[in-house]
Amino acid sequence: MYLAKKFAFSTFLFLVSALSAVGSEYIIIQSTTSTQNSGLLSAILPKFEAYSGIKARVVAVGTGQALRNARNGDGDVLLVHARAAEEAFVREGWGVRRFDVMYNDFVVVGPVEDPAKILDMQNVTKALSQIAKMEALFVSRGDDSGTHKAEQRLWSETLVDTVSASGTWYRETGSGMGATLNMAASMEAYTLTDRASWLSFTNKRNLAVLVQGDRRLFNQYGVIAVNAEKHLNVDAVAAQAFINWLTGPEGQLAISNFRLNDTQLFFPNAQR
């Protein structure tokens with residue numbers, strides 16, 4: 001009788017332990033504000049969880065901060081959009097391998113009155129130069145995000161010194177895309193935004209898309225597993241399971257099917 005009770009109790013403890021382990025299995029995804037605020041992750045992550053049994057927790061910050069968080073071991077996987085920085089992250093040994101996931105584009109938005117007269121310009125750097133020449137207000141995220149990195153790259157192709165202009169016609173928010181768009185709307189200023197954030201932004205007021213279509217406005221997203229050899233807390237198996245799903249048929253279809261007001265925001269392009 002004693003042995004039977006002992007066996008039953010041991011079995012109970014084993015089951016509790018097993019259920020706790022399953023219930024606590026999750027990954028931390030360091031991602032960008034655009035994937036979170038657009039609703040993409042809320043739409044696709046339940047599908048991943050149902051497929052894998054792995055829960056996903058999202059930390060939505062700018063790409064630069066996401067990369068720093070991952071370097072500190074505060075995450076299992078990255079989903080960001082600054083290819084050069086992502087490749088450096090892998091090259092330096094912090095990440096295992098980078099995979100393309102999806103893309104969309106950046107656009108320049110501004111007041112419909114368009115004081116800098118950049119509407120429908122096909123060359124984005126000429127448009128930025130025109131904004132600077134007219135000293136029309138331009139609001140930058142200034143937060144080392146993927147969008148800010150893209151903006152700085154574009155300014156570097158002009159002769160404009162945005163560092164010297166800071167605080168005059170060139171303003172920096174140090175904030176996310178939503179806050180930056182809100183400031184641009186309230187100041188009737190120009191800004192650069194990813195299209196998903198723009199389409200999901202509800203406080204457009206007098207703002208409109210003025211410049212788009214330049215190939216330099218292409219916006220690629222990548223996914224990277226954090227290197228478990230650098231941080232023992234990283235769940236390499238679960239991270240790779242997420243990457244396999246996201247870049248596989250199910251994940252790519254989930255991205256393709258995501259719509260906002262019948263408009264597709266992200267376009268899958270994983271190559272496995």
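**Around helix H7**

Helix H7 supplies the most residues to the lining of the largest cavity, three in number. Helices (DSSP runs of H or I, at least four residues) and strands (runs of E, at least two) are numbered from the N terminus. The model is predicted: local features need pLDDT of at least 70, side-chain atom pairs count only at pLDDT 80 or more, and totals for chains, interfaces and linings use all residues. Residues are numbered from 1 along each chain as its sequence is written, and side-chain values use heavy atoms, with hydrogens and water left out.

How confident is the predictor? The average pLDDT (confidence in each residue, from 0 to 100) is 91. At least 70 is reached by 91% of the residues. Residues 1-24 have a pLDDT below 50. Beyond near neighbours in sequence, this stretch makes zero contacts in the model. Contact means heavy atoms within 4.5 Å.

Now the cavity. On a 1 Å grid over the protein atoms alone, a cavity is a set of points where a 1.4 Å probe fits but cannot get out; a pocket is an open set with protein on both sides within 12 Å along at least five of seven lines; lining residues have an atom within 4 Å of a point. The structure holds one cavity of 30 Å³ or more. The largest cavity has a volume of about 40 Å³. Volume here is the space filled by probe spheres set on the points, which are joined across faces, edges and corners. Its lining is formed by Val139, Ser140, Arg141, Thr147, His148, Glu151, Met177, Thr180, Thr191 and Leu192.

Is threonine 147 buried or exposed? Threonine 147 is buried, because its relative accessible area is 2%. The cut-offs are under 20% for buried and over 50% for exposed, with partly exposed in between (1.4 Å probe, protein chains only). Leaving aside neighbours within four places in sequence, threonine 147 touches His81, Phe106, Arg141, Met177, Leu192, Thr193 and Asp194.

Helix H5 (83-91), H7 and S9 each give two or more residues to the lining. Here H7 has the largest share, with four residues.

S9 covers residues 218-226, and eight of its nine residues are buried, so the strand is largely enclosed by the rest of the structure. Which strands pair with S9? Strand S3 (residues 77-80) pairs with S9 in the antiparallel sense over four bridges. There, leucine 78 stands opposite isoleucine 224. Strand S4 (residues 95-111) also runs antiparallel to S9, over eight bridges. There, tyrosine 103 stands opposite glutamine 220. Two strands pair if DSSP finds at least two bridges between them.

Why does asparagine 227 count as buried? Asparagine 227 counts as buried because its relative accessibility is 15%. Not counting residues up to four places away in sequence, asparagine 227 touches Gly93, Trp94, Gly95 and Val96. Alanine 270 is 43 residues from asparagine 227 in sequence, and their C-alpha atoms are 21 Å apart in space.

Technical notes: pLDDT = per-residue confidence, 0-100.
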